[in-house]
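Please look over the sequence and the model shown here. A short report follows them.

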Amino acid sequence: MHWFQKRKYQFWVWGIIVLIFVGSVLFYMVQQSQKHILRVGIFAGSNWNVPAGDSYAVLDAAIQSFQEEHPEMSVRYVSGIKKEDYAEWLAEQILQGTEPDVFFVLSDDFNLYASIGALEDLSVWETEDTSFQEKDYYAPAIAYGTYNGKLYALPFESVPTLMFVNKTLLHKEKIPVPDNNWTWQDFVDICRKVTKDTQENGILDQFGCYDYTWQQAAVSNGVQLFRTDGNFSYFADPKMEEVVHFMMDLRAINHGYNVTSRDFDMGKVAFRPFTFAEYRTYNPYPWRIKKYAAFEWDCIKMPAGPSGKNLSQADTLLVGMSSRTKNKALAWALLKKLCGDPEIQKLILSESQGLPVRKDVVESKDTRQILLKDAPGDARMDISVLSEAMEDAVVMPKFRKYTAAMLMADNGLRKIIEGEVPFNNALNKLQKEINAYLQY
Amino acid sequence: MKDLHRRQTVSGLHHFLYGFNGVVIFLIAGFMDITQKKIVQSMAARSFVEPLSSVPWPSQQILLGAVCAFGCLFGLSYVYREGKIRNFTVKYSLIVFEIIFCVLVMRSINMAYDGVVLLVVADLVQGYEGKNQKILLVMAMLALYIIANYNLAALQMKIVPIEAYFSYYTPMVQGVLKAVCNIFTSLNLVIFVLYMTMLVQSQQREKERIKSLNAQLNAANAQLRTYAFEVERMAETRERNRLAREIHDTLGHALTGIAAGIDACIATLDAAPDFTREQLKKIRETAKNGITDVRRSVKKLRPDVLEKLSLPDALHQMSREFDASTGMRIVWIKEIWPPSLREDEEVVVYRIIQEGLTNANRHGHAAKVEISVSLQDEGLEIILQDNGIGCTDISPGFGLRHMQERIALLKGQLFYANQEGFQIKAVIPIGGQHYDKSGYRR
């Protein structure tokens, strides 16, 4: 009996040991098999809300180049996720713990994922990797992927905002195209001159500008809207007052007429802020013919306010690494391939609509040729202007409540500019409201 | 029987506490698991993630983590309670692991339920023994509550608050869910308090039971002592009666006969001297018979051991037995015995030493007695030196008087003094050259 019990006991012990062994071998095998796959999260279409051709072309090229260096790895991505579905898709993947190792981050998502720790802090990788130099990149592009002083995502492509000028209209009105150092005063003067009733039917049918926002005015007047920690706002700043007055002046020129995009498309508007992506999309064939055939046009820097410079915001598409990935080193290598390889970055010019984030790529001869080839007529997109605009671009503050706070501010300022609320103390009130929200 | 029943109730409650917590944790983990899956299915992931301050665990990890960690916690607790572990280190490392798994369980379910802390507290209290553990107990409980304190943990441990899960549902369902959560917490508290009350009560009864058993034992001991005393008294009385009978039967008989015979001899002395001489011879015979009888009686009073062993051996045996029975150490520091002693002398020596030892133990409360026996010029000298409390007022009690009487029979002397305890010194002119001084011969 005793012998039997002993045997039984041994049987169980051995059984458990064998089970643990088999389990760990299986676990190891699954882990190993996962180690050979890198998953990338990407959306279809352009990040800049312009029509795009093959949105995976740059990624495919990067993957191919990456696999030549790491033949044991296979890189996969899910294609066909639209940009508007991408945020939800990514959130679902994160919730299920199956987010891709490397993924593109929408600018609305970046603050959230950086703050909750879904994105790997790249500062460590960046300092350890000598082949990665921040100075190779445009500073605003790097700043775009920085949250609380730490780098959470690398820039992939950037889009500065420029001022679109209807050269045909200005020529007709005998006004020279402004240079890149023009000011609000020049801007308002030209707007006043061109705003008129050409058909003399009592209705204004030629306008100064379309779609110029108070945000753009604030940037070019050097307004800092939020404290860096995002707990305080400066809407009552005198510079902001200048902005509001300027916006009211612009509005007054139109005598209450609301300029539409149709007016612009028909060539009846002199200025419109334009992203580089829009420039790249609508300037070459076939879009040029389809959309803006009636006039010649070009892009210059934004007008400078009395307290500011000829600056604008630049939007950047970011790529980050999941903090839960098991292949951090390889994910970092892929990130570098996507954002730091000059060959891949050069492809952005021909295959995407943004601007490469590497200075040397933008300022190279090839870039000039690509841009010139695509720019028919007498368009004179100057690479140095572009590079300067990118170099000096203003990056929106990075804190979690930014989007919501800006929505509140936009609402309040619209009312002030349109004269729905008296101006006298409105900015102070707005600042208090927004501070209350920020500090809540 | 009642106590056993109560103890069973306590351990039953403990198991129920574990069972209840297990169910609650499984339900909460399951709720989170299902909610996360539903959120993904209904495309609400982005708005769910929006207000969070950390990346939520994948749903299956929540469930698996909670169940595994709770299983480990239960296993550890079982070993802790049933293992009867005496080793301090093992016991406390068990508790430390229990705390670690407790935190793991709470982490898995995003700190939504801190009732598990009470499980560890219950184990701590049950295993609580004595003062030096009080600090440990307090520290462990404090640490657990600091960890369980939601706000602190949320900062450090990156928690997705359960309210975020609730917010996925309609306000009505949210109300129900919150109510259920509160009920779980309160119910757990009620069970815990009940368990603690029962545990404290049961331990109290146990203490009382031991106390009453102790009292009973003391009473029984006292009674036994009285019995022993009475038995001794009865034996003494019986012996006295026997002696009286013996004296009456033998010595009384002989003396009566001798007195009557001598009366007759006085009457017949002048008339018939020859007859009287014959009579006197007869009287002598009677007296001789009387002496023989007395001797026989005296012989009966001799200690048994002296019948079987020599005096030194008998004394050694007696002292060994005394040593063993009282725990008093008896040391023979000197032994010089006379070559031969008479039986009555042996009895006296034996009794002196026996009585001296008894006194040292009973009155002197001595732990050690030194005995020395030696032949001196004055005779046999016996010294008993003890290290007891001595005697401030030396009044010759029963024992000493007896001793003196016995020694006087042999024309000896007894001295006693307080000298680092109590010292008795008996000098008896027997043995060696004093042999003839005792006028009594066999």
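## The model and its confidence

This is a predicted model, in which local features need pLDDT of at least 70, side-chain atom pairs count only at pLDDT 80 or more, and totals for chains, interfaces and linings use all residues. Residues are numbered from 1 along each chain as its sequence is written, while chains are lettered from A and ligands numbered from 1 in the order in which they are written.

The complex receives an ipTM of 0.80 and a pTM of 0.70 from the predictor. Confidence per residue is given as pLDDT, the predictor's own score from 0 to 100. Chain A has a mean pLDDT of 84, and 93% of its residues reach 70 or more. For chain B the average is 82, with 89% of the residues scoring at least 70. One stretch of chain B, residues 434-442, stays under 50 in pLDDT. The model has nine contacts beyond four places in sequence for that stretch.

## Chain A in outline

Chain A holds 20 helices and 11 strands. These elements are DSSP runs, numbered from the N terminus: helices are H or I with at least four residues, strands are E with at least two. Among the elements of chain A, strand β3 (residues 102-105) has the highest mean pLDDT, 92. Helix α13 (residues 287-291) of chain A has the lowest, 60.

Of the 440 residues in chain A, 40% are buried. A residue is buried if 20 or more other C-beta atoms lie within 10 Å of its own, exposed if 12 or fewer, and partly exposed in between, with C-beta atoms placed from the backbone. Contacts in chain A also span the sequence. Among those between residues at least 6 apart, 76% join residues at least 24 apart. Two residues are in contact if their C-beta atoms, placed from the backbone, lie within 7 Å.

## Where the chains touch

How many residues of chain A are in contact with chain B? The count is 12 residues of chain A, against 17 residues of chain B. On the chain A side, α3 (83-96) and α4 (107-116) each supply at least two residues. The largest share, seven residues, comes from α3(A). By class, the chain A side has seven nonpolar, three polar and two charged residues. Here Ala, Val, Leu, Ile, Met, Phe, Trp, Tyr, Cys and Pro count as nonpolar, Asp, Glu, Lys and Arg as charged, and the others, Gly among them, as polar.

## Helix packing in chain A

Axes are lines fitted to C-alpha atoms, for helices over the stretch in contact, and angles run from 0 to 180 degrees between N-to-C directions. Helix α2 (residues 57-69) of chain A and helix α15 (residues 342-351) of chain A have axes that come within 9 Å and cross at roughly 155°. That makes α2(A) roughly antiparallel to α15(A). Angles under 35 degrees count as roughly parallel, over 145 as roughly antiparallel, 65 to 115 as roughly perpendicular and the rest as oblique. From α2(A), A:Ala57, A:Val58, A:Ala61, A:Ala62 and A:Ser65 meet A:Ile344, A:Leu347, A:Ile348 and A:Glu351 of α15(A). This contact has seven nonpolar residues, one polar and one charged.

α2(A) also packs against helix α14 (residues 328-340) of chain A, at about 130° with the axes 9 Å apart. α2(A) and α14(A) are therefore oblique to each other. A:Ala62, A:Ser65 and A:Phe66 of α2(A) make the contact with A:Ala333, A:Leu334, A:Lys337 and A:Leu338 of α14(A). Elsewhere, helix α10 (residues 238-253) of chain A and helix α19 (residues 402-417) of chain A pack at about 55°, their axes 9 Å apart. α10(A) and α19(A) are oblique too.

A:Asp211 is not a glycine, yet has a positive phi of about 70°. A:Asp211 sits in the loop between β7 (207-209) and α9 (214-220) of chain A. With 15 other C-beta atoms within 10 Å, A:Asp211 is partly exposed. B:Asn110, also not a glycine, has a positive phi of about 55°. The loop between α4 (88-108) and α5 (116-126) of chain B holds B:Asn110.

Is B:Asn110 buried or exposed? B:Asn110 counts as buried, with 26 C-beta neighbours inside 10 Å. A:Asp366, in helix α17 (residues 365-374) of chain A, is exposed, with 12 other C-beta atoms within 10 Å.
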